[in-house]
Amino acid sequence: MSSRLVATSPAQLHILEHALGLDQANEPYRNYYVAIEGNDNWGDLVELEKRGLMDRQRIAVAAGVATGMFHVTDAGRDLLRMRGKLPAVQRDLNFGENHG
C-alpha cells in the first residue's frame, strides 16, 4: 500500500472531506478547497498536493499573496474510500479539476 494513502493526519483527512463537501453532506457535491497562501491549512494542502492526493490551480495573486484552488484527485478519493469516508460508487465530480 502506498505511503501517500496511509500516512495522512486527521487534519489532512478533514481537508479532503471538506473539499468534497463530506463534512456537510453524506455524498460529495463539490470538489474544491480555496485557500490563501500562508493560512493555517496551507502546509497540509501543499503536502496533500505533493503526495498526489490533491492538485492545485493558482487563481489569483493580490498584494503579493497567492490564492490557490485545490481539488481532490482520484488518489485522494481512493484514500477516502479506503477510510470509509466516501461511498464505493458515486457520481463523477471532476468538475473544477484542471485537465488542461
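The model is predicted, so local features need pLDDT of at least 70 and side-chain atom pairs count only at pLDDT 80 or more, while totals for chains, interfaces and linings use all residues. Residues are numbered from 1 along each chain as its sequence is written, and side-chain values use heavy atoms, with hydrogens and water left out. Helices (DSSP runs of H or I, at least four residues) and strands (E, at least two) are numbered from the N terminus.

**Packing of H2 and H4**

- The axes of helix H2 (10-20) and helix H4 (residues 74-82) come within 11 Å and cross at roughly 110 degrees.
- H2 is therefore roughly perpendicular to H4; the class covers 65 to 115 degrees, with angles under 35 counted as roughly parallel, over 145 as roughly antiparallel and the rest as oblique.
- Axes are lines fitted to C-alpha atoms, for helices over the stretch in contact, and angles run from 0 to 180 degrees between N-to-C directions.
- On the H2 side, Leu13, Leu16, Glu17 and Leu20 meet Gly76, Arg77, Leu79 and Leu80 of H4, where contact means heavy atoms within 4.5 Å.
- The buried residues of H4 are Ala75, Gly76, Arg77, Leu79 and Leu80; buried means under 20% relative accessible area, exposed over 50%, and partly exposed in between (1.4 Å probe, protein chains only).

**Salt bridges**

- There are five salt bridges in the structure, each a side-chain nitrogen of Lys or Arg within 4 Å of a carboxyl oxygen of Asp or Glu.
- One of them joins Glu17 to Lys85, with the closest N and O atoms 3.8 Å apart.
- This pair links distant parts of the chain, as Glu17 is in helix H2 and Lys85 in the segment after H4, 68 residues apart.
- Glu17 counts as buried at 13% relative accessibility, whereas Lys85 is partly exposed at 41%.
- Asp74 pairs with Arg77, the closest N and O atoms being 2.4 Å apart.
- Both Asp74 and Arg77 lie in helix H4, three residues or about one turn of the helix apart.
- Asp74 is exposed at 53% relative accessibility, while Arg77 is buried at 5%.
- Asp78 and Arg81 also form a salt bridge, at 2.9 Å from N to O.
- Because Asp78 and Arg81 are three residues apart in helix H4, about one helical turn separates them.
- Asp78 is partly exposed, with 40% relative accessibility, and Arg81 is partly exposed, with 28%.

- Thr73 sits in the loop between strand S3 (65-72) and H4.
- Thr73 counts as buried because its relative accessibility is 13%.
- Neighbours within four places in sequence aside, Thr73 contacts Gly52, Leu53, Met54 and Asp55.

**Nonpolar surface patch**

- Tyr32, Val34 and Ile59 form a nonpolar patch on the surface, with about 260 Å² of accessible area together.
- Patches are made of residues with over 30% relative accessible area and no salt bridge, joined within 9 Å for like charges and within 5 Å for nonpolar side chains (Val, Leu, Ile, Met, Phe, Trp, Tyr).
- Accessible areas come from the Shrake-Rupley method with a 1.4 Å probe, and for residues only the protein chains shown count as cover.
- Tyr32 lies in the loop between helix H2 and strand S1 (33-36), and its relative accessible area of 37% makes Tyr32 partly exposed.
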